[in-house]
Amino acid sequence: MIALQEKAASLGEVPVGAVLISAGEVIARAGNNLIAAHDPVGHAEIRVLRQAARHLQNYRLPDTTIYVTLEPCAMCAAAMVHARIGRLVFGATDPKAGGVVSQYAIGRDNKLNHSFSITGNILAEKCSLIIKEFFQKRR
C-alpha cells in the first residue's frame, strides 16, 4: 500500500495507494493516476474497485476489505457503498476532503443502502509524511 503511494508520488501523482483483499488474497492494487490518464476519477480507490470487479466478474464486492493510504474522498466512499465492500482501512485522515470521518460519514451514517466498517489511522504518520513531502517539493 505504501509502496503504491510512493510510486504514485514518483510519477507526479498525488500519492495515494490502495489494495483490495478478498478471501485473504490481494486481488487489486493501484495508485492515483489522474494526471497521466487524464482521468478525473482516476483515484486509487476507484481503480482498485474496477480491477476487483473485473477479477471477480461482479460489480458487487461483498466481504472484501480495501486498504488505502489516505481517507477516501466523498466520490470514492460513495463508490465503496455502491460496490458493497465490507470494510475500509485507511492511513491518514484528510481534514479537507475526507469522505468517511473528516468531512462526511459516508459508509457509516446509515443514510445510504449499505454501510461498511471503518478502521482509520493505520500507519497514519508514515502515510501523512509522504503526502506532506510530496506537496512541499511541489511548492
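This passage looks at one strand with its neighbours, and then at a pair of aromatic rings. The model is predicted, so local features need pLDDT of at least 70 and side-chain atom pairs count only at pLDDT 80 or more, while totals for chains, interfaces and linings use all residues. Residues are numbered from 1 along each chain as its sequence is written, and side-chain values use heavy atoms, with hydrogens and water left out.

Start with strand β3, residues 64–70. Helices (H or I, at least four residues) and strands (E, at least two) are DSSP runs, numbered from the N terminus. Six of the seven residues in β3 are buried, meaning under 20% relative accessible area, with exposed being over 50% and partly exposed in between (1.4 Å probe, protein chains only).

Strands pair if DSSP finds at least two bridges between them. Strand β1 (residues 17–22) runs antiparallel to β3, and five bridges join them; here Ile 21 has Thr 65 of β3 as its bridge partner. With strand β4 (residues 87–92), β3 pairs in the parallel sense, again over five bridges, and Ile 66 sits opposite Leu 88 of β4. To get from β3 to β4, the chain passes through helix α4 (residues 74–83) in a right-handed β-α-β crossover (with the strands pointing away from the viewer, the path from the first strand over the helix to the second runs clockwise).

As for the rings, the structure holds one aromatic pair. Rings of Phe, Tyr and Trp (its six-membered ring) pair if their centres lie within 6.5 Å; planes under 30 degrees apart count as stacked, over 60 as edge-to-face and the rest as tilted. Phe 134 is buried at 8% relative accessible area, whereas Phe 135 is partly exposed at 29%.
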